[in-house]
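Dear colleague,

I am passing on the structure we spoke about, and my notes on it follow below. Please read them with the structure open beside you.

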Amino acid sequence: MSDDFPSIRHDGRVLVLGCGSVSQCLQPLLLRHLDMDHGRLTVMDMLDLRDRIPETLAAGARFVQRQITPENLAAELGEQLGEGDLLVNLSWNIDTGDIIEWCQRNGVLYVDTSVEDWDPYANQALTPPQDRTLYHRHMKLRRRAAGWPAHGPTAVVEHGANPGLVSHWTKVALTDIAHAMLKEPERLPAPLAPERRDRIETALGDRDFARLAREVGVKVIHISERDTQIGDVPKRVGEFVNTWSVEGFYEEGIAPAEMGWGTHEPELPAYAYEHESGPRNQICLARTGISTFVRSWVPAAGPIIGMVVRHGEAFTISDHLTVWEGDRAAYRPTVHYAYLPTDAAMASLHECRMNGHRLQTDQRIMNDEIVDGADELGVLLLGHDLNGWWVGSQLDIHETRTLTPHQNATTLQVAASVLGAVHWILRNPDRGLCVPDDLDHEQVLAVANPYLGPSPSVATDWTPRSAAYEPFSTFRPATGSSVEPWAFGNFLVE
């Protein structure tokens, strides 16, 4: 890594809350690129994980073993942080509203990778699907934030790889699609009308990404990911193997599938529930994300069938790309995840489902045992004049190890994004509550990109019907929509 990689001065304290796989990957990046007294860096976890972070401790950082609860949150954080300090929250099941409320009152800067509740499993069987969604959590957070100063301490929520980087890649993709349409007319199915060309150029100049998305014709945005990392230690019966938090994956995977719902969609899918308040930019399904499969595509691996696991970007991207005419959503794309994790993780999920969705107590995050593979993660924008366009990261395990030894590609993608957010927060300390779409994508990516491997921006002619062969289709009722080729039903795999 070059010595001239961007660094930033911070004279305050930093608390990294949580010492799991992403935290262990982020810590060397903070040591490398945060210009500060490392004795003012603290790592806190409810487990004693000192043996996992020897380099961090050798640099002078402290480790504190504590579990944050509703009762002790203020006291524990107050011992570690004060005015002008930074909290990097990489924990799970600590209420986001409660912890940001404390930061706002105490002048503490904040970033996390997910919006959390104290107990996401409470009364699951009796809770309506809408109330178990990230949409519901975001609405609660918005109501709470209404009482915070507009220019209070910056608090960035949901800024990992996804949610996080994918919001920035969406802006890159929209810009590149627009430039290709304007400068390479031979690629278009028909010439641009002068009025439409003017509207695209104006939206580009204004950095109005919602109007730009409408003008270039984007109908669907997949967060498409295939993780092909493989290890030389096979998954054992009764073991859950993953490349990032097992608990985090399980919690979001058994929640309802949810997605930003596009204005082009002709009908709701089976088991769909709409929301009754707020921007109403999402729907959810009364089925788990890990049992809801869709067709998608990534450049290296090609066609994939991924899971519609709930993720915050389905809310924030679709919300920020909505074009409103009065109180009517005149334009909005459908946005959702299409996730194909490692073979070991897929086998772990299948075993978990076979046992009534009871999570295996034996759990392992793959690191040093990985021998090959990559995490190919990006955004796939579909339905526009150029058909499809993908922007993202193709980070393999070999490059990962040259950048951060003993880590894997998945955790480095997340850690790089958190690092980019930290840089932005320290340069913009008075922005109040922000989601990734509120940040300057070019500033964040300038910091994150050196850790993301190849980051192509490429067109594709893939469609949901490209690899949709069904051997018994002649003897089954037709599914999907013949009226709208980019309808959700044409992606869904039943």
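**Notes on the structure**

Thr133 sits in the loop between β7 (109–112) and α5 (134–145), where helices (H or I, at least four residues) and strands (E, at least two) are DSSP runs, numbered from the N terminus. This is a predicted model, in which local features need pLDDT of at least 70 and side-chain atom pairs count only at pLDDT 80 or more, while totals for chains, interfaces and linings use all residues. Residues are numbered from 1 along each chain as its sequence is written, and side-chain values use heavy atoms, with hydrogens and water left out.

With a relative accessibility of 1%, Thr133 counts as buried, a term that stands for under 20% relative accessible area, as against exposed for over 50% and partly exposed in between (1.4 Å probe, protein chains only). The Thr133 side chain reaches the backbone oxygen of Gln130 at 2.7 Å, which is a polar contact in the sense used here (a pair of N or O atoms within 3.5 Å; within protein, one must be able to donate a hydrogen and the other to accept it, and residues adjacent in sequence count only if both atoms are side-chain atoms). Apart from its neighbours within four places in sequence, Thr133 is in contact with Glu258, His275, Cys284 and Arg310, contact being heavy atoms within 4.5 Å.

His10, in the loop between β1 (8–9) and β2 (14–17), is also a buried residue, at a relative accessible area of 6%. Its side chain reaches the backbone oxygen of Arg13 at 3.3 Å, and, neighbours within four places in sequence again left aside, the residues in contact with His10 include Leu34, Asp85 and Leu426.

Helix α13 (residues 409–427) has 19 residues and spans 27 Å from its first C-alpha to its last, close to the 27 Å expected, the expected span being 1.5 Å times one less than the number of residues. Because 18 of its 19 residues are buried, α13 is largely enclosed by the rest of the structure. At its N-terminal end α13 is capped by Asn408, with a side-chain oxygen 2.9 Å from the backbone nitrogen of Thr410.

Glu76 lies in helix α3 (residues 73–80) and is buried, with a relative accessible area of 12%; not counting residues up to four places away in sequence, Glu76 touches Arg66 and Ile68.

Some backbone features also deserve a look. Asn162 and Pro163 are joined by a cis peptide bond, with omega about 0°, and Pro163 is found in the loop between β8 (155–156) and α6 (165–183). Glu158, which lies in the loop between β8 and α6, has a positive phi of about 60° although it is not a glycine, and it counts as buried at 2% relative accessibility. Asn93, in the loop between β6 (86–89) and α4 (96–106), has a phi near 60°, a positive value in a residue other than glycine, and is buried with a relative accessible area of 15%.

With kind regards
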